[in-house]
Amino acid sequence: MTFRPYTAAASLELLDRHLRKLRRVEDVETDFLAYARDWVGQGSAHPEHFALVRQIVTEGSRMPAAVIDEWQRTGPRAVRGNLARRLRELADAGLLDIAAGAEAAAARHLSLLVGGVMLETYFGALPMGADEAEEYVRGAVWAFLKLYGTRGGGAGE
């Protein structure tokens, strides 16, 4: 079984669009909110993918480990690795406060905070209203910037 990483590609495109600005970033919080809104929107943009994810979650214990590993390698791990690199670039530009070598942990934290909406909706199986999604996104970005924001960088002070 081969997984098509089209959703990983979409996630990487979001990273490029929102977090590659580096020194042109005017307001870190605004950019992270825009990124998180688009990230949460992937559930409706790629319903087939998230139907497959629900199947993997349900049947994962019966699937060969190599299948799960390949899916993780080409999807979630690839996206998190790219996110970690973007976060390191932002930290190096003074826009985030991430200790050297801690960018993988920061990427995991951001993924869990923002991506947690997928758990709330059972990977897109249950609808989430726009107001609830916005509240979720704002809370996730607020928490991430409390952990990794810098003073004066739009960290929701």
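I began with helix H5 (residues 76-92) and its packing on H6: the angle is about 115°, and the axes lie 8 Å apart. That makes H5 roughly perpendicular to H6, since angles of 65 to 115 degrees count that way. A reminder to myself: this is a predicted model.

Next I checked the hand of this pair. H5 and H6 cross in a right-handed sense.

Then I asked which residues of H5 meet H6. On the H5 side I found Arg 80, Leu 83, Ala 84, Leu 87 and Arg 88. Their partners in H6 are Glu 103, Ala 104, Ala 106, Ala 107, Arg 108, Leu 110 and Ser 111. Sorted by class, this contact of H5 with H6 holds 7 nonpolar, 1 polar and 4 charged residues.

On to the other pair. Helix H6 spans residues 103-120 and helix H7 spans residues 130-148. I noted an angle of about 165° between them, with axes 10 Å apart. H6 and H7 are therefore roughly antiparallel to each other, as angles over 145 degrees count as such. The crossing of H6 and H7 is right-handed.

Which residues of H7 does H6 meet? I listed Tyr 136, Ala 140, Ala 143, Phe 144 and Tyr 148. From H6 come Ala 105, Ala 106, His 109, Leu 110, Leu 113, Val 114, Gly 116, Val 117 and Glu 120. By class, I have 11 nonpolar, 2 polar and 1 charged residue for the contact of H6 with H7.

How values were computed
Residues numbered from 1 in each chain as written. Predicted model: local features only at pLDDT ≥ 70, side-chain atom pairs only at ≥ 80, totals over all residues. Heavy atoms only, no water. Axes fitted to C-alpha atoms, helices over the stretch in contact; angles between N-to-C directions. Helix = DSSP H or I, 4+ residues; strand = E, 2+ residues; numbered from the N terminus. Parallel < 35°, antiparallel > 145°, perpendicular 65-115°, else oblique. Left-handed = near helix turned anticlockwise from the far one by under 90°. Contact = heavy atoms within 4.5 Å. Nonpolar A, V, L, I, M, F, W, Y, C, P; charged D, E, K, R; others polar.
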